[in-house]
Amino acid sequence: MPTLEELVSHPPQLPVTRALGNIAAATRPGGCAVVTAPPGTGKTTLLPPAVSVALACHDASVGRVLVTQPRRVAARAAARRIARLLGEEVGGQVGYSVRGDSRVSERTRVEMVTPGVALRRLQRDPELPGVSALIVDEFHERDLDTDLALAFALDARSALRDDLFVALTSATLEASRTVDFLRSSTGEEPALVDIPGDIFPLELRYAPPPRGVEAVGAIGNERVGVRREYLAHVARTVEETVATTEGSVLVFLPGVGEIETVRGNLRLGDIPVLTLHGQLSTAEQDRALSPASGRRVILSTSIAESSLTVPGVSVVVDAGLAREPRFHEQGLSSLVTVPASLARLEQRAGRAARTGPGIAVRVMGSVDVARRPAQSAPGIATQDLTDARLQVASWGTPVEELALLDAPPA
């Protein structure tokens, strides 16, 4: 059974392999790095083993590499993907821990976790015993728990663990700003590793709705949501795309309700239609993420934007919407439907060209795309900060002294 060393020395043919030397050079106890890569380069698959192997060259008794993934399904899928390359079950050299589910052992050298799990580990023991590196994957998503976990880890690093290696990775992050942030937070000069992607051709197509059909508007009882007329147009776009392309089709929709509405509108004959979202059981999620013979259409929330590979997909249809948390002046939090940022559109389109030429169909006009914000607003600027205040109070360091890329609202 291969070891992580054998996997790194004889890696699969992924674009990230061309940067393994740079990753090894950047990895040392007490160092830090920013890793940028286009979608589909294999950074989530090979970066954690490469960091573990590089640290072992400095210290044979090196501890575990902790990797935060923005979602539970991504943590489980990433662990399974690396374990499969090693020819072993999850829980051996590679494992995961998410809320209510953990598969690790004494042999585990790479552990995928959600930001919430990382936060609890830090609160329980800030020294992170047995951990030699923290990799924050998909840092651009800027989830509130991710920002807090990183801030606490950097605080613990400066006071207790000057040997902890920290890396931030993303396909769309603002590299120069992130490098400056790490430099000021750690006093170290971060290594910047840019992983080139295979330039598989990606054809962008646009399918804007008819005039007068708005994506979001009143849907009765003074509620605001995604209009049924727009979802009917999305369904027609999927049908037309299936008729004029080959390969499986991944469709991005903002939520479960929209997924079910579009699924009810689709007429695709004998082509199976699967769904992928956080409310499904692990077995149901695995069904969409497992290789299959023949074409499929997978209707997904943003869960498939990053860190996940849906096998066989060469076409993406993007409804162009995202569901993001917002905190209102009345003291209430809610999920609101907003136009997806350019970074999210790029992430989604990249799912189509991971392994070969792809097509991305955006259910909007090119002018609409040009008006989109570059990045989604960070969670610290839009979410209810009550739990964050309690987390910081429990941690003990004043929020003004924590390393946060964006300060919380006054």
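A pocket is an open set of grid points with protein on both sides within 12 Å along at least five of seven lines. In this predicted model, the second largest pocket has a volume of about 760 Å³. It is lined by 37 residues, and those closest to its centre are Thr45, Arg81, Leu308, Thr309 and Arg354. By class, the lining of this pocket has 16 nonpolar, 12 polar and nine charged residues.

Three helices each supply at least two residues of that lining: helix 3, helix 4 and helix 10. Helix 10 covers residues 282–289, helix 4 covers residues 72–86, and helix 3 covers 43–58. Helix 4 gives the most to the lining of the second largest pocket, with five residues.

How do these helices pack? Two packed helices are described by the angle between their axes and the distance between the axes. For helix 3 and helix 4, the axes come within 9 Å and cross at roughly 70°. Angles of 65 to 115 degrees count as roughly perpendicular, so helix 3 and helix 4 are roughly perpendicular to each other. Their crossing is right-handed. On the helix 3 side the contact is made by Thr44, Thr45 and Pro49, and on the helix 4 side by Ala78, Arg81, Ile82 and Leu85. These contact residues divide into four nonpolar, two polar and one charged. Thr45 and Arg81 belong to this contact and are also among the residues closest to the centre of the second largest pocket.

Helix 4 also packs on helix 10. Here the axes come within 11 Å and cross at roughly 55°, which makes helix 4 oblique to helix 10. This crossing, too, is right-handed. Val73, Arg76, Ala77 and Arg80 of helix 4 meet Thr282, Gln285, Asp286 and Leu289 of helix 10. The contact of helix 4 with helix 10 has three nonpolar, two polar and three charged residues.

Rolling a probe the size of a water molecule over the atoms shows where empty space is left. The structure holds one cavity of 30 Å³ or more, and the largest cavity has a volume of about 40 Å³. Which elements supply at least two residues each to its lining? They are helix 2 (20–26), strand 1 (32–36), helix 3 and strand 7 (165–170). The lining of the largest cavity consists of Ile23, Ala26, Thr27, Ala33, Val35, Leu47, Val51, Phe165, Ala167 and Val193. Nine of these lining residues are nonpolar, one is polar and none is charged.

Helix 6 (residues 144–159) and helix 14 (residues 386–395) pack at an angle of about 10°, and their axes lie 11 Å apart. Angles under 35 degrees count as roughly parallel, and helix 6 and helix 14 are therefore roughly parallel to each other. The crossing of helix 6 and helix 14 is right-handed. Helix 6 brings Leu144, Leu148, Phe152, Asp155 and Ala156 to the contact, where they meet Ala388, Gln391, Val392 and Trp395 of helix 14. Seven residues of this contact are nonpolar, one is polar and one is charged.

Note on methods. Residues numbered from 1 in each chain as written. Predicted model: local features only at pLDDT ≥ 70, side-chain atom pairs only at ≥ 80, totals over all residues. Heavy atoms only, no water. Axes fitted to C-alpha atoms, helices over the stretch in contact; angles between N-to-C directions. Helix = DSSP H or I, 4+ residues; strand = E, 2+ residues; numbered from the N terminus. Parallel < 35°, antiparallel > 145°, perpendicular 65-115°, else oblique. Left-handed = near helix turned anticlockwise from the far one by under 90°. Contact = heavy atoms within 4.5 Å. Nonpolar A, V, L, I, M, F, W, Y, C, P; charged D, E, K, R; others polar. 1 Å grid on protein atoms, 1.4 Å probe; cavity = no way out; pocket = protein on both sides within 12 Å on 5 of 7 lines; lining within 4 Å. Points joined across faces, edges and corners; volume = space filled by probe spheres on them.
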